[in-house]
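Welcome! Here is a short briefing to read alongside the model.

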Amino acid sequence: MDPSAVFIVNPVSGKGKKERIVSFLRSQGCEVVFTAYAGHAEELARHAEARVVVAVGGDGTVNEVARGLVGTGKTLGIIPCGSGDGLALHLGISRNVRKALDVVRKGKTAVLDCAQIDGRPFFSVCGVGLDAIVSERFARAGSRGLHTYISEAVRTWKGFVPGKYRIKLDGRSISREAVLITVGNSNQWGNGARVTPLARTDDGKLDVTVVSMFRTAEIPVLAWRLMTGSFNRSGRVECLRAENLEIIRASEGPAHFDGDCFHAGKEIRISVLQQKLKVLVP
């Protein structure tokens, strides 16, 4: 294990697995620090003296640590143990603890783009619509995990009405009625659900997936396409690309980024910043 690495642990994410990880890291003499509040991981990462800073947790923890490392020259490592782990899975980092630790020990360094939604940095995906509403409800739920997320998605879908949006992509404007709009720096929400399957984290572009209204009976096929990386081939899906975009909707509401949600206005601005973050990958 790299003696110059520090491991930042979210004590909430992946509770049982996290305890095993911490025990192993300490047995190897590694420096382990715990977050105490929202935003703490960003502060710890920014002020860490270590050459490699490893996020131990889910998408939110990875986002916080990555935000703290942008522009510092330090390198991000990831031990994924969250509900979705979207960025880690996109990068090929295993949820198997030993395999993930092996990447920290002898992985190669890649340089990733950073994106922003209304000034909030993200590294995987962001969006509005159905998935943002589900994310908001998931955040308020009493339990975590894929089962809870699916339950909230089913509840949200009942009686759902698609929104009307104007989307500006690098100056070009289009209007769409959509169930959701997802903007990806990486290719997935998490758990292998590749909503922006063609996205790359190092090409200076953002992939935009616009999903039009569909029938409940179509959900199994759409889910299959999500999990097989063929979502872009569905007739309900439109794929676009841009460096800068603006999403304009009729009213304020939830938006999400890297597993977290926030209340956003009618006009949402999203952009990409090229080659901003170093990260260890297999």
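How do the residues of the lining of the second largest pocket divide into nonpolar, polar and charged? They divide into 8 nonpolar, 4 polar and 3 charged, where Ala, Val, Leu, Ile, Met, Phe, Trp, Tyr, Cys and Pro count as nonpolar, Asp, Glu, Lys and Arg as charged, and the others, Gly among them, as polar. This is a predicted model, in which local features need pLDDT of at least 70, side-chain atom pairs count only at pLDDT 80 or more, and totals for chains, interfaces and linings use all residues. Residues are numbered from 1 along each chain as its sequence is written, and side-chain values use heavy atoms, leaving out hydrogens and water.

**The whole chain**
- You will find 8 helices and 16 strands in the protein chain (DSSP runs, H or I of at least four residues for helices and E of at least two for strands, numbered from the N terminus).
- Along the principal axes, the C-alpha atoms fill a box of roughly 55 × 35 × 30 Å.
- Among the 282 residues, 52% count as buried (under 20% relative accessible area, with a 1.4 Å probe and protein chains only).

**Helix α3**
- The buried residues of α3 include Asp59, Val62, Val65 and Leu69.
- Gly71 follows α3 and has a positive phi, near 80 degrees.

**Around the second largest pocket**
- β8 (163–169) is one of the elements that supply at least two residues of the lining.
- The largest share of the lining, 3 residues, comes from β8.

Conventions
Buried means under 20% relative accessible area, exposed over 50%, partly exposed in between (1.4 Å probe, protein chains only).
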